[in-house]
Amino acid sequence: MAALEEPRREAQAGSHPHSVREGIRRQGCRRHHVFSEGNFDMKRVGLILALLLGCRLLGYSDPAQAPGNETPRPYEAIAMKIITTALGSGRAYEMLYDLTTNIGPRLSGSPEAAQAVLWARKTMKHARLENVRLEPVMVPRWVRGPIEEAAIFPSSTHETIPLKVTALGGSVGTSDQGITAEVVEVRSFDELKAPGANAKGKIIFFNRAMDRSKIKPMEAYGEAVNQRSRGAVAAAQAGGVAALVRSMTSRLDDLPHTGALDYEESAPKVPAAALSTVGAQRLSELLARDKTLRVRLRLSCKTLPDVESANVLGELVGSEKPNEVIVIGGHLDSWDKGQGAHDDGAGCIHAIEALRLLKQLGLKPKRTLRAVLFMNEENGLRGAKAYAAKDRPGESHVAAIESDSGGFTPRGFSLSDAATFKKLANYAYLFRVIGAARFEAGHGGADVAELARKGVPTLALRVDTHRYFDYHHADSDTIDKVHDRELELGAAALAIMAYVIAEEGL
Ligand SMILES: [Zn+2]
């Protein structure tokens, strides 16, 4: 994902050094001879720095903020109102607290997911959204079951070393006795295919860590996650009997992180589980000294028949072009770990709160804004596919915005195509006050990807993701990890962006 330069503010009068001097002048901080050429001794440099700092602290470093120089730019007043209303109301956090503590995790097809659908409908109505409705969709029903166990048996002792594991979503279970086998550790699929890999009849241990040197954790995740999604297939193709995968987090702790795996018809379905990063290190260290140690894995997970569920929709109907729709979405399902607070309870609340804020402020956008809480993003994308496939006569989608990176401090947006980027980057100034003016080229996200395939421009809210993979798909993804103000600012950023697109079109 290539980061593009934030566009320059066009209305800004003068360059930054000039603005600092302007501030100095306004404050009565005269430009004495210390600025004249050839006169720089260290004392004076120190004095200049102190003056500059002092004037900056007094708020006179930006001409746009200086008294008598406030040229309002389009939507600036509305954006400020949205931001202060979001922070002042505290509603976003209240809604997320309600969802996460009264319902909790919401795996597709589970009774909790069914409750979450009703919760979303009630919450949207309470927020006074219009045309609140369910769009039914059949979803997979995978259940974890009560047994998730693994242990190491070193070859030279009778000791048993327990390992924390969690089944990967969609995995088949083991027999009651479990699978006990020697282990082959690899860091890539190529290593597994290499001559001498000797994987037949063994448990394949995928232990490639996320690259800590990446500035964007999402990139490190993207590079490592094929071990989780494709590890079971690769293990089976090499003759392995099960897959153990290092959890997708760069944090060293004893919490295994789940996530979806794929199977292929051409390869046997072998059970697969995630190890905590501490467990993965331990196993790796023991294997280095003891190649014939064995691991036992027991899982009771299984797949049941599909279940009917639903996407949940609510709108602010456009005042001039109601058939032109801007989608704002998150996914209502989560893994059955923690409370699904950041992933993606936060995104659902962002979508509802963005519309609620506009409604509360009496703003009537020209085009329709539609919050869509998609079902089954985590293990099937059935909700996203059903939404995009549905015939909606007379209606067209202008854009689709997704929030699925957690409820952290918003930093900006990624935009799917050059034309959208060019148009919307002109409004980056609206987000600067909350530090969310970083616009990047990139995709919108999994739930809006189906719409993107149909040519709809997509956007994603980008947040500070340094802590995201501490909690992602793990028992630690709970409401106490979400900060109320950070969540509220995300909703405000989405509301501003959605409103601008609804007014201006694309
Ligand atoms: Zn998610």
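**Close-up views of a predicted model**

**View 1. Strand β13 is largely enclosed by the rest of the structure, because 6 of its 7 residues (396-402) are buried.** Keep in mind that this is a predicted model. Now look at who pairs with β13. Strand β11 (residues 321-331) runs parallel to β13, and 6 bridges join the two. To spot one of these pairings, find Ile328: its bridge partner in β13 is Ile401. Strand β16 (residues 458-463) pairs with β13 too, again in the parallel sense, over 3 bridges. Here you can look for Ala400, which stands opposite Thr458 in β16.

**View 2. Helix α11 (residues 382-389) is another piece that is largely enclosed by the rest of the structure, since 6 of its 8 residues are buried.** Which residues of α11 are the buried ones? They are Arg382, Gly383, Ala384, Ala386, Tyr387 and Ala388. And what covers them? The cover includes the strands β1 (130-143), β10 (302-316) and β12 (367-374), along with helix α14 (449-453).

**View 3. Helix α4 (residues 91-102) packs against helix α16 (residues 484-504).** Two packed helices are described by the angle between their axes and the distance between the axes. For α4 and α16, the angle is about 110° and the axes are 8 Å apart. Angles of 65 to 115 degrees count as roughly perpendicular, so that is how α4 and α16 sit relative to each other. Zoom in on the contact and you'll find Ala92, Tyr93 and Leu96 from α4 meeting Asp484, Leu487, Glu488 and Ala491 from α16. Sort the residues of this contact by type and you get 5 nonpolar, 2 charged and no polar.

Note on methods:
Residues are numbered from 1 along each chain as its sequence is written. This is a predicted model: local features need pLDDT of at least 70, side-chain atom pairs count only at pLDDT 80 or more; totals for chains, interfaces and linings use all residues. A residue is buried if 20 or more other C-beta atoms lie within 10 Å of its own, exposed if 12 or fewer, and partly exposed in between; C-beta atoms are placed from the backbone. Helices (H or I, at least four residues) and strands (E, at least two) are DSSP runs, numbered from the N terminus. Two residues are in contact if their C-beta atoms, placed from the backbone, lie within 7 Å. Axes are lines fitted to C-alpha atoms, for helices over the stretch in contact, and angles run from 0 to 180 degrees between N-to-C directions. Angles under 35 degrees count as roughly parallel, over 145 as roughly antiparallel, 65 to 115 as roughly perpendicular and the rest as oblique. Ala, Val, Leu, Ile, Met, Phe, Trp, Tyr, Cys and Pro count as nonpolar, Asp, Glu, Lys and Arg as charged, and the others, Gly among them, as polar. Two strands pair if DSSP finds at least two bridges between them.
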